[in-house]
Amino acid sequence: MEQKAITYVPMTLASRTEGADQIYALPYIDSELDDPALKKTMQQLLKNEIRAMRAENSGKRKNYLAELEIPSLPIIDSAFIQSEIERVSSTGVQKLNLTAYENTVDPPAQMDDLAAWDRSIDRSKINYEHALNTEMNMELLKEMGAAKYKKYVEMLRDELAVLEREYEQMVESVTEVNRSRKFVQVHFLLIIAKAQRNYYRSFKCENRGTAE
């Protein structure tokens, strides 16, 4: 007997896949799902689908995104970003010049070179200022670090609370959807059972009339 699909309105991008807008089973009322042979067939279909999704299997991977449109990204697709990508690709990323932070000793041949002495003094001043800045940061961290991290932990706790509330709302939403689906299916089960009784009653009456 040919199954008649029930059409519903697609709600997600995944439902745009061919055949995703058709329902062939009502899991809350279909007793056939307990049939061992049907379960074995369903498991085999799932294994075949998973095998088809793996790239290492026969090299003919099914593209589930082929029917979806490529998303538009105005910022990434802008002329400025494209020109920057081309510039970096052609010239490469220049490394930072850290020679000014190297407190090296000039060779003996430059002992009488005033320019070499000036460069050495400048490097020493830069390193000294860097050391003073590091010391200041360490003092600030020692004095205010605990309060800063306490505030950071409080912020993380607030974010965690928000995520937990969103998770609970999502669970409630999914539960409500499942409850609604079960209610609708059980309701239609009563209608189907009534229709079946009427059909068998009329069938028996028809056969009785034919026999007479």
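**Reading the model**

Mentor: A salt bridge is a side-chain nitrogen of Lys or Arg within 4 Å of a carboxyl oxygen of Asp or Glu. This is a predicted model, in which local features need pLDDT of at least 70 and side-chain atom pairs count only at pLDDT 80 or more, while totals for chains, interfaces and linings use all residues. Residues are numbered from 1 along each chain as its sequence is written, and side-chain values use heavy atoms, with hydrogens and water left out.

Trainee: Why are E176 and R179 separated by about one helical turn?

Mentor: Because they are 3 residues apart in helix α3. Helices (H or I, at least four residues) and strands (E, at least two) are DSSP runs, numbered from the N terminus.

Trainee: How many salt bridges does the structure hold?

Mentor: The structure holds 2. In the one between R87 and E84, the side chains meet at 2.8 Å, N to O. R87 and E84 both belong to helix α2 (residues 79-91) and are 3 residues apart, about one turn of the helix.

Trainee: Which residues make the nonpolar surface patch?

Mentor: Patches are made of residues with over 30% relative accessible area and no salt bridge; like charges are joined within 9 Å, and nonpolar side chains (Val, Leu, Ile, Met, Phe, Trp, Tyr) within 5 Å. Here M138, L141, Y149, Y152, V153, M155 and L156 make a patch of about 680 Å². V153 is in helix α3 (residues 114-211) and is partly exposed, with 36% relative accessibility.

Trainee: What pattern does the protein chain follow?

Mentor: Along the sequence, the pattern is β-β-α-α-α, from 3 helices and 2 strands.

Trainee: Where does pLDDT stay under 50?

Mentor: pLDDT is the predictor's confidence in each residue, from 0 to 100. It stays under 50 over residues 1-14. The mean for the protein chain is 77, and 78% of its residues reach 70 or more.

Key. Contact = heavy atoms within 4.5 Å. Areas by Shrake-Rupley, 256 points an atom, 1.4 Å probe, with all protein chains shown as cover. Buried < 20%, exposed > 50% of the residue type's maximum accessible area, 1.4 Å probe, protein only.
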